[in-house]
Amino acid sequence: MVADPTFPMYLQEAVSQSLDALIKGKVPDAVTVSSNYFGGAGTLYEKETVAIIECILDHDFTPDPTIKPKALKTLRVIAAAMELWGESDVQEFAEVSGDWTHKFKPEEVIQLLYAAGLERHRLDHLRHAGVRKIAVRNGADQAARDCQETIGRVFAIEEAPILPHGNPACRCSYAPVPSS
Ligand SMILES: [Zn+2]
C-alpha cells in the first residue's frame, strides 16, 4: 500500500507518483493514488482498473519492432497511466521525442499500446462469458489497408489476432460470434 498521501496533492504530483508505481509494477498502488486524488472509488472499479492496466503493461504487442525495449516500456507505462488520468495529463511525461526516428509518433504508439491492452481485456471478458468465436469488426467508414484482410473473418477465440493492427488508423475490435 501507498503511505498516506499528503493532501492536497497536485495533479502533476499524483500523476508522477502513479507513474513511479507503474514503472515498479505496483499496479494497485498506482490505482490507489488515482482514486485518492479523485476522492476515492469503489473496490469493484479498482479491481477492473487493475485488470485493464495489467493487460496494457503485460502485452508484448508493438506497432514497430525497431523501437528499443526501454523506450517501449516507458510508452507502455504512459499508456497504462492513461487509464487513470486524462490523455493530456500523461502526454507530457512522454519525453522521447529528442532522437525519435520511428514511423509513428510517440503519441500514436501510446494510443496503440493503450488500445491493445483494452482489446486484450475485452477478449478476456468474452472468454470468461463463454464466447468461443469472435469476428474482427471495424467501426471506421474506411478501413486501413492492413485491417481489410481480417475484417469480417471469424476466429476461434484462442486464435484471435492481436488488435489493433500496427497502424494508428486501425479501429478494429472483437465482436462475439454466437455459436450455432
Ligand atoms: Zn485494424
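α1 passes α2 in a left-handed crossing. By left-handed I mean that the near helix is turned anticlockwise from the far one by less than a right angle; clockwise is right-handed. Helices here are DSSP runs of H or I with at least four residues, strands are runs of E with at least two, and both are numbered from the N terminus.

A word on the source. This is a predicted model: local features need pLDDT of at least 70, side-chain atom pairs count only at pLDDT 80 or more, and totals for chains, interfaces and linings use all residues. Residues are numbered from 1 along each chain as its sequence is written.

Back to the pair. α1 covers residues 11-23, and α2 covers residues 27-37. They pack at an angle of about 165°, with their axes 7 Å apart. Axes are lines fitted to C-alpha atoms, for helices over the stretch in contact, and angles run from 0 to 180 degrees between N-to-C directions. So α1 and α2 are roughly antiparallel to each other. The cut-offs: under 35 degrees is roughly parallel, over 145 roughly antiparallel, 65 to 115 roughly perpendicular, and the rest oblique.

Which residues meet? From α1, they are Ala14, Gln17, Ser18, Ala21 and Leu22. From α2, they are Val27, Asp29, Ala30, Val33, Ser34 and Tyr37. Contact means C-beta atoms, placed from the backbone, within 7 Å. The contact of α1 with α2 divides into 7 nonpolar, 3 polar and 1 charged. For those classes, Ala, Val, Leu, Ile, Met, Phe, Trp, Tyr, Cys and Pro count as nonpolar, Asp, Glu, Lys and Arg as charged, and the others, Gly among them, as polar.

Next, α1 against α4. Helix α4 spans residues 69-82. The axes of α1 and α4 come within 10 Å and cross at roughly 125°. That makes α1 oblique to α4. This crossing is right-handed. Val15, Ser18, Leu19, Leu22 and Ile23 in α1 meet Val77, Ala80 and Ala81 in α4. By class, that contact has 7 nonpolar, 1 polar and no charged residues.

α4 also packs with α6. Their angle is about 65°, and their axes are 8 Å apart. The crossing of α4 and α6 is right-handed. On α4, the contact uses Leu75, Arg76, Ile78, Ala79 and Met82. On α6, it uses Pro106, Val109, Ile110, Leu113, Tyr114 and Gly117. The contact of α4 with α6 has 9 nonpolar, 1 polar and 1 charged residues.

Now the sheet. How many strands form it, and in what order? There are 3 strands in an open sheet, ordered β2-β1-β3, with antiparallel pairing. Two strands pair if DSSP finds at least two bridges between them. The edge strands are β2 (154-156) and β3 (172-177), and each pairs on one side only. The twist averages 40° from one strand to the next. β1, residues 133-138, is joined to β3 by 6 bridges. Alanine 135 has alanine 175 in β3 as its bridge partner. Helix α6 (residues 106-128) packs on the sheet, touching β1 and β3, and its direction makes about 5° with that of β3.

One backbone detail. A cis peptide bond joins leucine 163 and proline 164, with omega about 0°. Proline 164 sits in the loop between β2 and β3.

Last, the domains. The domain assignment gives domain 1 (1-129) and domain 2 (132-180). Such bounds come from an automatic or database domain assignment. The C-alpha centres of the two domains lie 24 Å apart. Their contact takes 14 residues from domain 1 and 11 residues from domain 2. On the domain 1 side, those residues divide into 8 nonpolar, 1 polar and 5 charged.

Terms used:
Two residues are in contact if their C-beta atoms, placed from the backbone, lie within 7 Å.
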